[in-house]
Amino acid sequence: MNYLLKNNRRETGIRKPLIGMLTILIVAAFFYFFAPHFVNESLYRVAQPLWGARDYIKEKSASLISVFAYKERLMKENLSLLNKLAEADNTLLDLDEYKKENIELKKLLGRVSYEKRILAVVLAKPNRSLYDSLVIDVGEKDGVAVGDPVLSGGFIIGEVREVSTDNSKVTLNSAPGEISTVRVGDSGVDTEAFGRGGGNFLLKLPKEIFVQKGDLIKFAGIAPRFFGTVDHIERTEADTFQFILFKLPVNMYTLNWVEVVHRE
Amino acid sequence: MNTRIILDILLFVAVFIVPPWLVLLVASLCLFLFKDFYEIIFLGIIMDFLFGVPTQFFVLPVIYTLLASIIFLIRISLRNHLTF
């Protein structure tokens with residue numbers, strides 16, 4: 001019997017790419033399970049000059065735009081920013097004094113925390129990935145370890161999950177499915193905050209607990225670590241719980257620096 | 001052939017500086033321009049190695065590899081029904 005040539009071609013046409021795809025996936029799985037650091041480090045070696053060039057171009061284009069921007073508007077903006085900076089400086093002076101006092105008191109009471117803070121540059125941000133992760137420029141060489149918390153200002157934003165020699169990957173607390181135990185305001189009630197991606201969180205509390213917009217959400221512990229502020233509260237008559245929506249006060253998409261806290 | 005190599009290089013560089021969804025979109029278009037564009041799977045793997053971190057939601061961070069493989073599978077299964 002004679003078969004049409006077209007039909008024969010169809011069968012082989014699918015099998016070949018399918019085998020090719022499976023071969024690639026098996027090789028990738030081998031590297032993923034047995035040599036992940038080798039691949040990560042090789043990729044970061046290629047990525048770093050590219051990320052550097054990207055940041056340089058971004059910076060240069062921003063300054064070029066500012067040359068053409070309206071001068072008067074820039075002057076007004078400059079003045080208002082200077083005023084804000086002066087106010088912030090005054091507040092910070094107070095804050096520094098309180099911080100010193102807090103540390104002194106803890107020392108007197110025998111509660112000293114030995115931790116090292118490592119400044120890191122953010123190389124890749126959430127808008128570049130689906131994972132709500134950051135890639136930072138410090139790694140094993142700088143003393144970073146898996147599980148180290150990552151801060152931006154006084155706010156804890158994530159945790160180091162993977163470390164290579166010169167780089168680390170940080171999972172943001174707001175990554176979908178991430179669960180963190182937090183304390184809401186002055187209530188003293190610990191509850192679980194669920195990450196919803198893009199710096200957003202959701203938590204559930206009994207309706208009887210009084211919470212208002214702007215309340216601080218923090219981690220329980222001797223060191224004051226903040227998580228966010230209450231943004232929106234949803235209460236219904238029928239429900240026994242209230243749902244609190246909050247977000248990190250830090251804009252993840254413009255984040256340039258973070259601090260990694262390493263316990264010694 | 002030369003066009004394919006140039007596009008491969010451009011896509012590889014784009015992985016580092018362009019949002020992943022855009023890279024996958026362009027690579028998906030390439031699937032229709034070139035025969036067996038395996039590069040899309042490589043790009044997915046690179047993106048997972050670069051940005052993927054295990055979370056409580058994605059235990060194995062292979063989301064881009066999975067997406068690229070699905071797109072590749074759809075393309076090869078459609079091959080016989082589409083003519084270009």
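Tutor: Let's start with the elements: helices (H or I, at least four residues) and strands (E, at least two) are DSSP runs, numbered from the N terminus. Leu172(A), for example, sits in strand 5 of chain A, residues 168-172. Residues are numbered from 1 along each chain as its sequence is written, while chains are lettered from A and ligands numbered from 1 in the order in which they are written. This is a predicted model, where local features need pLDDT of at least 70 and side-chain atom pairs count only at pLDDT 80 or more, but totals for chains, interfaces and linings use all residues.

Student: How many helices and strands does chain B have?

Tutor: Chain B has four helices and zero strands, giving the pattern α-α-α-α along its sequence. Its C-alpha atoms fill a box of roughly 45 × 25 × 15 Å along the principal axes.

Student: Is Leu172(A) buried or exposed?

Tutor: We count neighbours: a residue is buried if 20 or more other C-beta atoms (placed from the backbone) lie within 10 Å of its own, exposed if 12 or fewer, and partly exposed in between. Leu172(A) is buried because 26 other C-beta atoms lie within 10 Å. In chain B, buried residues make up 36% of the 84 residues.

Student: What angle do helix 3 and helix 4 of chain B make when they pack?

Tutor: Two packed helices are described by the angle between their axes and the distance between the axes. Axes are lines fitted to C-alpha atoms, for helices over the stretch in contact, and angles run from 0 to 180 degrees between N-to-C directions. Helix 3 (residues 39-51) and helix 4 (residues 63-78) of chain B pack at about 170 degrees, with their axes 7 Å apart. That angle makes helix 3 of chain B roughly antiparallel to helix 4 of chain B. As for cut-offs, angles under 35 degrees count as roughly parallel, over 145 as roughly antiparallel, 65 to 115 as roughly perpendicular and the rest as oblique.

Student: Which residues make the contact between these two helices of chain B?

Tutor: Two residues are in contact if their C-beta atoms, placed from the backbone, lie within 7 Å. Helix 3 of chain B brings residues including Ile40(B), Leu43(B), Gly44(B) and Met47(B), and helix 4 of chain B brings others, among them Tyr64(B), Leu67(B), Ala68(B) and Phe72(B). By class, the residues of this contact of helix 3 with helix 4 are eleven nonpolar, three polar and one charged. Here Ala, Val, Leu, Ile, Met, Phe, Trp, Tyr, Cys and Pro count as nonpolar, Asp, Glu, Lys and Arg as charged, and the others, Gly among them, as polar.

Student: How do helix 1 and helix 2 of chain B cross?

Tutor: The axes of helix 1 and helix 2 (residues 20-33) of chain B come within 10 Å and cross at roughly 160 degrees, so helix 1 and helix 2 of chain B are roughly antiparallel to each other. Leu7(B), Leu11(B), Ala14(B) and Val15(B) of helix 1 meet Val23(B), Val26(B), Ala27(B) and Cys30(B) of helix 2. The residues of this contact divide into eight nonpolar, no polar and no charged.

Student: How many residues does each chain give to the contact between chain A and chain B?

Tutor: Chain B gives 29 residues and chain A gives 34. On the chain B side, helix 1 (2-17), helix 3 and helix 4 each supply at least two residues. Helix 3 of chain B has the largest share of that side, seven residues. By class, the side of chain B that touches chain A holds 21 nonpolar, six polar and two charged residues. Take Phe49(B), which is in helix 3 of chain B. Leaving aside neighbours within four places in sequence, Phe49(B) is in contact with Val39(A), Asn40(A) and Leu43(A). Phe49(B) counts as buried, with 22 C-beta neighbours inside 10 Å.

Student: Which residues touch the most other members of the largest nonpolar core?

Tutor: A nonpolar core is a set of buried Ala, Val, Leu, Ile, Met, Phe, Trp, Tyr and Cys residues joined through C-beta atoms within 7 Å. The largest one has 59 residues, and Ile136(A), Ile40(B) and Leu43(B) touch the most other members. Helix 3 of chain B gives the most to this core, with nine residues.

Student: What is the phi of Asp132(A), and what is the phi of Asp36(B)?

Tutor: Most residues other than glycine have a negative phi. Asp132(A) has a positive phi near 60 degrees, and Asp36(B) has a positive phi near 45 degrees. Asp132(A) lies in the loop between strand 1 (115-124) and strand 2 (133-136) of chain A and counts as buried, with 29 C-beta neighbours inside 10 Å. Asp36(B) is in the loop between helix 2 and helix 3 of chain B and is partly exposed, with 15 other C-beta atoms within 10 Å.
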